[in-house]
Amino acid sequence: MSVDHSNLSWSKPAADRLEWLRTRYPADHQRALILPVLHMAQREFGWVSPQVVDFVAKSIPVPTIQVEEVATFYTMYNKAPIGRWHLQVCHNISCSLMGAEIVLEHIEGKLGIKRGETTPDGEFTLMGAECLGSCGTAPMMQVNDHYYENLGLSDVDDLLAKLRATPDIDNDEANVAYGPGSGPSRALPRDGEAFTAGSGVVLPGHAAGGH
Amino acid sequence: MSDQVTLTIDGKEVTVPKGTKVIDAAKEVGVEIPHFCYHPGLPVDGNCRMCIADVRTWNARAEKHFPARRPAVTCWTDAEENMQVFTDTPEVKKSRATVMEFLLINHPIDCPICDKAGECMLQDHYMGHDRKRSELREEKVHKPRLVEFGERIVYNGERCILCSRCTRFTTHVSKTFDLGIVNRGDRAIVELAQDSDFDHAYTDNVADICPVGALTKQDFRFKKRVWFLKHTDGVCGGCSRNCNTVVDHDRAEVIRVMPRRRDEINEHWMCNEGRDLYKTLGEAVRTSAPIAKVEGLATAPGWDAALAWAGEQLAPQKKNGKLAAIASPWMTNEEALVFTHLVTKVLKGQWLDVKDDVVDGYPADDLLHTDDHNPNRNGVIAAGCVPGKKDGKDLPAILEACAAGEVEVLLVWGPGLVNHYDRDAAAMVEALSSVPVIIQITDALDELSELAALVLPARNWAERNGTWTNVDGHHSRFKKALRPHGGSRDGFELLSELCVAAGGKPPVKTFKDARKKLKQDPDSDVRDVGDGEFSFFKNQSLYRHHGGATEV
Amino acid sequence: MASTESTYPVLDGHKVLLNYERGTTSWPLASYLERGGYTTAKSVLVGKKYAPKELIETVKASGLRGRGGAGFPTGLKWSFLPREPQGPIQLVVNADESEPGTFKDRVIMEENPHVLIEGCVLSCYAIGSDSCYIYIRGEYVPAIKRMTAAVEEAYAAGHLGSDIYGSGFTCNITVHSGAGAYICGEETGLIESLEGKKGQPRIKPPFPAVYGVFGYPTIVNNVESIAAVTYIAHAGADGYRAWGTEKSAGTKLFSVSGPVKRPGVYEVPMGYPFKDLLNNECGGMLDGVGLKALIVGGSSVPVVTGETALKINMDYESCAEHKTLLGSGGVIVIGEGTCMVRALMTLLRFYHHESCGQCTPCREGTGWIERIVQRIEVGDAKPGDIDELYRIADNMELRTICTLADAAAWPTKSFIDVFREEFEAHIEKGCCPYDNQFPDHLNLRGGGKPQRHADPEHAFIA
């Protein structure tokens, strides 16, 4: 789902959340809203474009340059549109020791793209990532909101196929910002179904739709 | 509990108010600690790490000095009672050389093409604290090299040492939030906010404070090597703020004007309009000799003949009382003193006022601009250029009197009377045409010069010494930078001679006496070039070339 | 129950933070209550078991040291709060956990979030704060969701908010997400990020206890440190000192990764021998893989050889004795066949990527040393490059605002100190003796998978 950035406005749940966020920080330090509101904006609008930066700055309000600095400093804000699935394969030390580079090369081969690129059909963006805090279940990757851990190469293949087959949800409530993540929440192929041995993490009670 | 602290720096004892930073305390005892990101006009950031020194605090319980937990940056560290600071130990020297090395590994050696060469802090501190060959054998980090920030400033990301002086300026001084540092690590660059055109009045200050050639001014790029420049104290005439300046010139031409530090007036800053003012110098139409349009006087009389004739016209007005005099807010205080004396004491004139030479300009703001776009209205008025108490006429009344034929001699200083923006020029000309004798003393010819019986060429602001008084009553002194236009006379001297020609005596003998009479301490507002952060010439290589003292 | 009494079951004789069966639904409030949850908070807030200052003294006496990596005594940090604070005191929980090899705070937040919440309430009570922010790294979406849900549960059940249990004490918690920056794990970098800026650390002094978030006095502590406060408040200083050593009291979570049979997070008493952690809890090395080296406390601590590793006890003193640091407890096991130059290159890529760019030596130095090690790894280096690398790393140390530069310099220097011959071999041979790759311990290329798949106990986040 691609959102037109030329005329941005918050959905009702997002606008409500913005007002609630204001109450969590001192009234004269509302600049603290920049990080959470940028996360919210990325959820609503897909990626952080200059228009989104402007919209976020005006929503708080803060000088635009302050939002620009934050958006470029932190890695989770995507300054360009990315694929439906953001494949972030950790390539830090523990994962590398357990074969992260092999996984990355494998995916590059399968998708025909290099690290940092997006497949032409807009499905996958592949990145190498720094330590994601999942070193004991290496090799692993983060896909949008979820971690997929203990990966063998066949697990990777299965995952890619499942991701391709997973549709987007058209549901404002489900997609509303809850926090950080790459774009709108998407039902991922593990919620409520027994995804096979590749995923170390099955979170019971983890509702479809991403909350 | 006293609010002063005493500490020793390199063995020298110094007492400073609590809250003073060590780097400033050091200056008090003549110890210059090298730095980049520190600037006395900006909040401290402490990111360049160049000002690291060996700082030891006194621990009363242990009764001894302890070194800092981590090497302390003196721009951030508050001076404390009984603190010991060492700035020239081998460790500190190594620290500086190390910081220089890190700064230089990705810095392009652009000196041959960089405007900043010769006044560059990186060059200076390299010569003073490093001088080692580069050990780098990698490709340097590349960044955008030619980024336009608005129409006046150019940014070079590779030269930038990310000291954040420019961003701190736009955040804390101009409060326009134009600049920020984006990206992380060695990908960081300064960027112009996406909603800014960088077109406000204070943009050029960022290029002044940039310690390297990362921010350069379009107006100065590739114009002149700085070691060819001569530097003269100046004062900006753009408005009644009177920002103190440095006029940089070479061979009878002003090349650029930059701010000079004056804490009670402009601190370290000036506006763009003021910087550009020197360009009008070349636009003025000037004469190199008095011009006469009257019977009995050659069209180009010499100065003696011209002054004598003028005196003959003026002297009778002592009795007739039909003299009107219009001073200019660009006159110096010294000139105003003599002008007033001439009109009110020698000629007993009552019809005396000051005009507005310039009406348009940047509107007043919270930083520097005032609403008065002329430099010295305050000083001229303070010298007495006001309508007489008994029978005085102010400027509108004078102009009416001219139109009604009541004025026999009109003495005007400077251009601008006819083409006053808020008056009908044609009506002005008509009114003034009825005045039998108009004597204009001016550095630039204008419509009035066509009407004047006698035009006496004076010197412009770059060609003479003088003082102005600003909106808050501070006096600022500017010095003669350029060789005067041939044939022009210094205003103070010329007016003194006019006093004599008109049958009187000048109020004072010398220029210095004038300032004494004006109750200005002759040396009170003098600031040498080389004082303060901004006048970095003291430490610059060009200063060395010209034999100036340096303590790098 | 008498009002100053509380319940806090300890599992397996020492498990205080992970005192439940792993792999069960341990995070909901109901489950936590079954483990005596919030009885300690009640005993303190209602039963007045401690006055705030007494609780600070108890934490001091317990010997609890910061569990994030710096190991600074927690109670001592709390006592830095000024007597006359200039503003409302804030507690900030550092859940930014980005130190490579470290994944233990995640387990607390995902499996036992309420022990952290209860720890927050008790810590806020001790330091005189009514406001707590839990700053969780942005990538930990499940942890953020679990933590947020737990906070909502706690509010709904009256364990958070105004006048808790009618005690008059107020505690508000806000879960705040980061957005991807290791430097936000530095306490002042975190504070800056919480304030909505780039996470660029501040110069200290002033310390956060005097001038912290929003300019208010602030205490920043790691998740594990605050979570441990709950047990300390329950069992007292002596209770916590039942485990550990003189200088390293209590229990610690260690997150073990690398070619071992059962990598994961394990709670053991401080001072537990590494070889026991390796062979008992982790089941030993993977078959056929020898122990070459160990990074014992997260990537920023010096590396030691396998031989040395087997002599180390997991406490601050033993690590220091063997020329390394306990750090965050991120235990990275390195197997035979691993190219140490490539390992260092991987680490330096990380520090280069994470340097905030504020100050000169780190911004320029991290990139420089990464590029040199890259050249060594591909065989494009000269003998002098090793000493050059060492010199640059040494120059970066201590001259910066924060310790990220030190964190990059220490591994650089220690890898060269301990494995210099590997660097020399790369240069002599003009190529990497390990073919520019890490060993495929899991035989991924041959269709292998991590063995933990089959092990139900470790099917979860380890």
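Between chain A and chain C there are 24 residue pairs in polar contact, with both partners at pLDDT 80 or more. A polar contact here is a pair of N or O atoms within 3.5 Å; within protein, one must be able to donate a hydrogen and the other to accept it, and residues adjacent in sequence count only if both atoms are side-chain atoms. On the chain A side, the elements giving two or more residues to this meeting are α2 (34–45), α4 (64–73), α5 (93–97), α6 (100–111) and α7 (153–165). Those labels come from DSSP runs, with helices (H or I) of at least four residues and strands (E) of at least two, numbered from the N terminus. The chain A residues that touch chain C split into 31 nonpolar, 21 polar and 10 charged. For that sorting, Ala, Val, Leu, Ile, Met, Phe, Trp, Tyr, Cys and Pro count as nonpolar, Asp, Glu, Lys and Arg as charged, and the others, Gly among them, as polar.

A word on the ground rules: this is a predicted model, where local features need pLDDT of at least 70 and side-chain atom pairs count only at pLDDT 80 or more, while totals for chains, interfaces and linings use all residues. Residues are numbered from 1 along each chain as its sequence is written, chains are lettered from A and ligands numbered from 1 in the order in which they are written, and side-chain values use heavy atoms, with hydrogens and water left out.

Back to chains A and C. The size of an interface is often given as the accessible area lost when the parts come together. Chain A and chain C bury about 5600 Å² between them, with 60% of it on carbon and sulfur atoms; buried area is the accessible area (1.4 Å probe) that two parts lose on being put together, summed over both. Chain A brings 62 residues to the contact and chain C brings 80, where contact means heavy atoms within 4.5 Å.

The rule asks for a side-chain nitrogen of Lys or Arg within 4 Å of a carboxyl oxygen of Asp or Glu, and it finds five across the interface of chain A and chain C. In one of these, the side chains of Lys198(C) and Glu69(A) meet at 3.9 Å, N to O. Another pair is Asp155(A) and Lys449(C), whose closest N and O atoms are 2.8 Å apart. Asp155(A) sits in helix α7 of chain A and Lys449(C) in the segment after α16 (404–429) of chain C, so this pair joins two chains. Over all chains, the whole structure has 72 salt bridges.

Now look at where chain B meets chain A. These two bury about 1000 Å² between them, 54% of it on carbon and sulfur atoms. In chain B, Phe177(B), Arg184(B) and Gln194(B) lose the most area to chain A, together 51% of what that side buries. Each chain gives 13 residues to the contact. Zero salt bridges turn up across this interface, but six residue pairs are in polar contact (both at pLDDT 80 or more). On the chain B side, β9 (179–182) and β10 (189–192) give two or more residues, and β9(B) supplies the largest share, four residues.

Inside chain B, helix α11 (residues 395–403) packs against helix α12 (residues 425–433) at an angle of about 65°, their axes 6 Å apart. Axes are lines fitted to C-alpha atoms, for helices over the stretch in contact, and angles run from 0 to 180 degrees between N-to-C directions. Leu399(B), Cys402(B) and Ala403(B) of α11(B) touch Met428(B), Ala431(B) and Leu432(B) of α12(B). The residues of that contact are six nonpolar, no polar and no charged.

Finally, some backbone details. A cis peptide bond joins Ile60(A) and Pro61(A), with omega about -10°. Pro61(A) lies in the loop between α3 (50–59) and α4 of chain A.
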